[in-house]
Amino acid sequence: MGENFRALIITVGRQKQPVEVSIVEHQPQGVIFLATKDTLRSVGELIEEYKGQFLADVKIINSKLALIQVLSGLCAGST
């Protein structure tokens, strides 16, 4: 069996600190940030601060439907 890939899927609010705590605690190899237009600046700052420590992807969530679509896509890719 192959090695497990540790990924963190996390919503980003207006404050970066809760996201930073999760990154430090879980030490992921990859992070998927679920962000809105209002929180993109925080995501950019986090990616810059942790540059090279994990793979990063950003999903923009602008409605409930967008959230459902993103999560469905992530689940479909997990097999």
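Which residues does Arg 14 touch, not counting residues up to four places away in sequence? Arg 14 touches Asp 38, Thr 39 and Ser 42, where contact means heavy atoms within 4.5 Å.

This is a predicted model: local features need pLDDT of at least 70, side-chain atom pairs count only at pLDDT 80 or more, and totals for chains, interfaces and linings use all residues. Residues are numbered from 1 along each chain as its sequence is written, and side-chain values use heavy atoms, with hydrogens and water left out.

Arg 14 sits in the loop between β1 (7-11) and α1. Helices (H or I, at least four residues) and strands (E, at least two) are DSSP runs, numbered from the N terminus. Arg 14 counts as exposed because its relative accessibility is 68%. Exposed means over 50% relative accessible area, buried under 20%, partly exposed in between (1.4 Å probe, protein chains only).

Now take β2. Six of its six residues are buried, so β2 is largely enclosed by the rest of the structure. Gly 30, Ile 32 and Leu 34 are buried on one side, and Val 31, Phe 33 and Ala 35 on the other. In a regular strand the side chains alternate between the two faces of the sheet.

β2 pairs with β1 in the parallel sense over five bridges; pairing requires at least two DSSP bridges. Six bridges join β2 to β3, also parallel.
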